[in-house]
Amino acid sequence: MVLSSGNLKVHWLLRRPARMELFKVVDAGLHTKMVGESMRDRRIGVYVHIPYCKTTCPFCPYFKTVLRSRDEVEKYLRAVVSEIDVYGRLLEGGGYEVVEIHVGGGTPSLVPASFFKELYEKLSEYFTLKTNIGIEANPEDLTSSEYTGELYKNEVGEVSIGAQSFNGKVLKALGRKHTVEDNVRAVENAVKAGFKWVNVDLMFLPPSIRGYVEISPEEGLTIFEDDLKRALELGAHQITFYPTIIPRHSPGFKLVEQGRLAQDERLVDKFVERALDFVENKKLRLVRVYSISREQYEYATVNLEMVGPLLGLGAGAWSNTGLYQYINVHDVQSYVRLVNEGKPPAVYYRSLEKSTIAWRALFDQLSSGVVKTRLFNELGVEKIPYSIRAFLELATLAGLLEKRGGDYYLTRKGVVEVYKSVINYVAEIPVKATMILEKHSRQESMPDKIVV
Ligand code: SF4
């Protein structure tokens with residue numbers, strides 16, 4: 001078995017049917033009305049998607065495209081700036097504060113550093129900015145201290161480096177082009193440049209590929225432990241750890257079909273347990289079930305995706321106003337065309353029912369390690385649904401949560417189960433949704449409804 005689509009064995013209390021119905025945006029006017037009227041809070045997040053990569057990795061689950069020309073990238077960046085104008089004009093004067101700006105991809109570190117300053121200045125024309133920018137970066141791009149310094153001077157305050165491992169065998173198995181030396185230099189440069197926060201992404205459960213690069217489970221665990229230590233020694237403020245998901249639509253899945261790729265998804269528990277030991281031994285904090293931090297602070301690309309409001313800009317971006325979720329077209333050319341025609345690039349949406357809002361809020365809180373019941377109220381859920389109250393009591397009885405005061409804290413056992421449930425969700429919904437949305441976005445006529 002490989003980790004492809006929600007097949008991890010999770011505690012029965014956390015197993016929930018994952019299904020999402022999305023409807024085509026047929027009325028641009030109605031869409032802008034919904035955005036204007038359904039912002040849950042005045043404090044909003046902004047996410048910008050840069051879909052370009054130099055080459056593509058064999059197991060990549062994200063929406064991306066190979067960089068063909070700088071000219072194309074420039075047109076794309078112009079369209080992103082114009083999209084800010086669309087939503088900025090709609091929300092201007094509403095007293096909105098931007099509390100986080102994250103740029104993900106793809107590879108945001110492929111674009112000129114000056115773009116980030118432009119992004120910052122454009123957003124500040126419409127909103128009060130309470131933050132600087134966080135970007136995901138490819139280690140190769142940060143090996144240049146000149147570019148890293150440029151980022152710092154252009155309003156980038158946080159970086160998340162996609163190192164994945166400090167072991168050459170793992171990088172080879174993952175098909176990554178960067179080297180261990182690139183990873184080391186990138187983290188050192190980022191720390192030296194003075195960014196407020198440096199996160200290092202680490203990937204565990206690497207595939208073992210027969211006749212190419214074989215990694216035993218024991219070896220994988222030892223490498224993971226070494227990787228955690230190395231990232232910390234290099235000065236990273238945070239480490240985000242996640243398993244290699246092998247999406248069915250990725251080119252790497254062919255190796256599974258040929259019977260050459262082995263990955264035992266049952267080992268996820270052991271890797272998470274190792275990470276928890278590391279947190280305890282080094283006296284660190286677990287700010288999300290998948291993020292280890294030196295302080296109670298976290299870099300999270302789409303922090304507000306679960307509860308909103310999050311304004312997603314660029315091709316393939318998801319937005320959540322708190323009551324309404326919408327998704328931009330997953331095709332670069334169509335995105336640029338729609339924005340240049342003055343149309344919103346949102347192509348699918350769904351309205352969020354109170355019970356959906358409550359369950360999303362619950363999972364968001366569970367992943368942070370504590371469920372504060374008063375927070376439901378702040379999200380507009382006046383009465384916690386009976387199903388959630390029952391879940392909290394049963395999860396406490398099952399030893400997944402511990403009740404203190406009016407709040408519920410994840411136990412160690414709870415962390416492992418919630419971790420697996422998050423991975424199941426990611427493999428089941430966003431990864432699958434990206435595949436379906438990419439396919440439909442390339443078609444002339446998109447279906448009125450899609451089910452993920
Ligand atoms: S894994 Fe990252 S760098 Fe590789 S293709 Fe996907 S988005 Fe690009």
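User: What makes helix 2 and helix 3 count as being in contact?

Analyst: In helix 2, Leu77, Arg78, Val80, Val81, Ile84, Asp85, Gly88 and Arg89 meet Phe115, Glu118, Leu119, Lys122, Leu123 and Tyr126 of helix 3; contact means heavy atoms within 4.5 Å. These residues divide into 8 nonpolar, 1 polar and 5 charged. Ala, Val, Leu, Ile, Met, Phe, Trp, Tyr, Cys and Pro count as nonpolar, Asp, Glu, Lys and Arg as charged, and the others, Gly among them, as polar. The model is predicted: local features need pLDDT of at least 70, side-chain atom pairs count only at pLDDT 80 or more, and totals for chains, interfaces and linings use all residues. Residues are numbered from 1 along each chain as its sequence is written, and side-chain values use heavy atoms, leaving out hydrogens and water.

User: Which residues surround the ligand?

Analyst: Cys53, Thr55, Thr56, Cys57, Cys60, Tyr62, Gly106 and Arg176 surround the ligand, where near means one heavy atom within 4 Å. This shell divides into 4 nonpolar, 3 polar and 1 charged.

User: Why is the pair of Tyr152 and Phe195 called edge-to-face?

Analyst: The whole structure holds 19 aromatic pairs. For Tyr152 and Phe195, the centres are 5.6 Å apart and the planes 80 degrees. Rings of Phe, Tyr and Trp (its six-membered ring) pair if their centres lie within 6.5 Å; planes under 30 degrees apart count as stacked, over 60 as edge-to-face and the rest as tilted. The pair is therefore edge-to-face. Tyr152 lies in helix 4 and Phe195 in the loop between helix 6 and strand 9, so the pair ties together parts 43 residues apart in sequence.

Key: Helices (H or I, at least four residues) and strands (E, at least two) are DSSP runs, numbered from the N terminus.
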